Amino acid sequence: MAHVPTSAVAAGGLVGGYAAARWTGKRPLGGVVLAAAGALAAREWHRRTSPTTTALLGAAYIAAFAASHPLAKKIGPWPAVFTAAAPMALASYLAADHRA
């Protein structure tokens, strides 16, 4: 099986979830994209790291999503999404991807 870069999956889930909701006007569709990417990333985190690291990365994913909302009111939606996605990608890379 090919190596799935969880950093790209996690960041892509945040960006893709917002994009799906924004462009279709259907927020639940954005949630489906966000959840699907989160589930895929979590599966890979679980396979590559400890349960504790998996839980911490999962919490970081949810926190990044949540933090993007108030941040969007200050800097705009797209900058907020990218600002939230970047540290999530870095955390995922450092915790799970660079070891694989």
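Start with the outward face of helix H2: Pro 28, Val 32, His 46 and Arg 47 are exposed there, turned away from the buried side. Exposed is over 50% relative accessible area, buried under 20%, partly exposed in between, with a 1.4 Å probe and protein chains only. Helices are DSSP runs of H or I, at least four residues, numbered from the N terminus.

A word on the source. This is a predicted model, where local features need pLDDT of at least 70, side-chain atom pairs count only at pLDDT 80 or more, and totals for chains, interfaces and linings use all residues. Residues are numbered from 1 along each chain as its sequence is written, and side-chain values use heavy atoms, without hydrogens and water.

Now the other side of H2. Which residues of H2 are buried? Gly 30, Leu 34, Ala 37, Gly 38, Ala 41, Glu 44, Trp 45 and Arg 48. They cover an arc of only 130° around the axis, so they sit on the same side of H2. That arc is taken from the directions from the helix axis to the C-beta atoms. Their cover includes helices H1 (6-24), H3 (51-75) and H4 (77-97), with contact meaning heavy atoms within 4.5 Å.

Over to H3. Ala 60 lies in this helix. Ala 60 counts as partly exposed because its relative accessibility is 28%. Ala 60 and Ser 92 are 32 residues apart in sequence, and their C-alpha atoms are 9.3 Å apart in space.

Key. Helices (H or I, at least four residues) and strands (E, at least two) are DSSP runs, numbered from the N terminus.
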